[in-house]
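Colleague: Please show me the model, and then take me through it in short steps.

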Amino acid sequence: MDWVPIAFGTFKVVALCVAMFFAIKWHYDQGKKGDRKALLRSIAKMSALLILAAIIVAIVTFALVRWLGLDMSY
């Protein structure tokens, strides 16, 4: 049973490294062949979407905390 975390941890690290390599390679190739303005528009759209999603999650979280009556003071 002592080998399970080592084996699964090693597999996880290797899988993440391979996925990162191919993700970086794909993005690099897309940047070389694509239009610079379209790339910047896409980055701006994704950034705005990420910020909007974070704001929505924060609002839902605070609404849920208030609805449940949890104390958020420290």
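Modeller: Patches are made of residues with over 30% relative accessible area and no salt bridge, where like charges are joined within 9 Å and nonpolar side chains (Val, Leu, Ile, Met, Phe, Trp, Tyr) within 5 Å. This is a predicted model, in which local features need pLDDT of at least 70, side-chain atom pairs count only at pLDDT 80 or more, and totals for chains, interfaces and linings use all residues. Residues are numbered from 1 along each chain as its sequence is written, and side-chain values use heavy atoms, with hydrogens and water left out.

Colleague: What area does the nonpolar surface patch have?

Modeller: Accessible areas come from the Shrake-Rupley method with a 1.4 Å probe, and for residues only the protein chains shown count as cover. Met46, Leu49, Leu52, Ile56 and Val60 make the patch. Its area is about 490 Å².

Colleague: Is Leu52 buried, partly exposed or exposed?

Modeller: Leu52 lies in helix α2, residues 36-68 (helices, H or I of at least four residues, and strands, E of at least two, are DSSP runs numbered from the N terminus). Buried means under 20% relative accessible area and exposed over 50%, with partly exposed in between (1.4 Å probe, protein chains only). At 47%, Leu52 is therefore partly exposed.

Colleague: Which side chains meet in a salt bridge?

Modeller: A salt bridge is a side-chain nitrogen of Lys or Arg within 4 Å of a carboxyl oxygen of Asp or Glu. A search of the whole structure finds one. With 3.2 Å from N to O, the pair is Lys25 and Asp29.

Colleague: How much of the protein chain is buried?

Modeller: The chain has two helices and zero strands. Its C-alpha trace spans about 50 × 50 × 20 Å along the principal axes. Of the 74 residues, the buried share is 3%.
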